[in-house]
Amino acid sequence: SVAAMAMLTSSGIPPFDLVVVDNVMPEVTGTQLIRALRLVQYPAYITAMSGSASAMSEMISAGADTFLFKPIRLAALSEALKAAGPKLSQKLNFPTASAKPDSCNRISPL
């Protein structure tokens, strides 16, 4: 929405590490939001999503770091988050392949 875009591009708010953007939103498209964020050099890793193949090229061209087709599988989302870099991986505390189901860590808030 326009309010979210204004909040994210405001210089008074610390930037988020990750922004996940759908292309279909009220008032503005995800592509418009990505362009606005990149225009002000917003430092977040941006993961875009849509069910439309044409939206993929638009959103990547606008500055998205990764793109996910909807519906999104958990494995694809996990890979996109891991691609965001070690900083996010550490914050999210991804469980290792050897972790037992009862010992898996929950995702912590950013």
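Guide: Met49 touches Val20, Val21, Asp22, Asn23, Met59, Phe67, Leu68, Lys70 and Ile72, leaving aside residues up to four places away in sequence. A contact here means heavy atoms within 4.5 Å. This is a predicted model, in which local features need pLDDT of at least 70 and side-chain atom pairs count only at pLDDT 80 or more, while totals for chains, interfaces and linings use all residues. Residues are numbered from 1 along each chain as its sequence is written, and side-chain values use heavy atoms, with hydrogens and water left out.

Met49 sits in strand β2. Helices (H or I, at least four residues) and strands (E, at least two) are DSSP runs, numbered from the N terminus. Met49 counts as buried because its relative accessibility is 15%. Buried means under 20% relative accessible area, exposed over 50%, and partly exposed in between, with a 1.4 Å probe and protein chains only. The C-alpha atoms of Met49 and Asp22 are 4.8 Å apart, though 27 residues separate the two in sequence.

Asp22 has a further partner. Its side chain meets that of Lys70 in a salt bridge, 2.7 Å from N to O. Asp22 belongs to strand β1 (residues 18-22), and Lys70 to the loop between β3 and α4; the pair links distant parts of the chain, 48 residues apart. The term covers a side-chain nitrogen of Lys or Arg within 4 Å of a carboxyl oxygen of Asp or Glu. Lys70 is partly exposed, at 36% relative accessibility.

Asp65 is in the loop between α3 (53-62) and β3, and Arg38 is in helix α2 (residues 30-39), so the pair ties together parts 27 residues apart in sequence. Asp65 is partly exposed, with a relative accessible area of 37%. Arg38 is partly exposed too, with 24%.

Phe67 and Phe69 form an aromatic pair, edge-to-face, 5.0 Å centre to centre and with 80 degrees between the planes. Rings of Phe, Tyr and Trp (its six-membered ring) pair if their centres lie within 6.5 Å; planes under 30 degrees apart count as stacked, over 60 as edge-to-face and the rest as tilted. The count of such pairs is one. Phe67 is buried, at 14% relative accessibility. Phe69 is partly exposed, with a relative accessible area of 41%.

Next, strand β3 (residues 66-69), which holds Thr66. Is Thr66 buried or exposed? Thr66 is buried, since its relative accessible area is 16%. Its contacts are Tyr45, Ile46, Thr47, Ala48, Ile60 and Ala80, again without residues up to four places away in sequence.

After α4 comes Gly85, whose phi is positive, near 115 degrees.

Now a residue ahead of β2. Pro43 is found in the loop between α2 and β2 (45-50). Pro43 counts as exposed, with 61% relative accessibility. Its C-alpha atom is 9.9 Å from that of Val19, 24 residues away along the chain.

Last, the overall picture. The protein has five helices and three strands. Along the sequence they follow the pattern α-β-α-β-α-β-α-α. Of the 110 residues, 34% are buried. Among contacts between residues at least 6 apart in sequence, 49% join residues at least 24 apart. The protein exposes about 6900 Å², of which carbon and sulfur atoms supply 60%. Accessible areas come from the Shrake-Rupley method with a 1.4 Å probe; for residues, only the protein chains shown count as cover.
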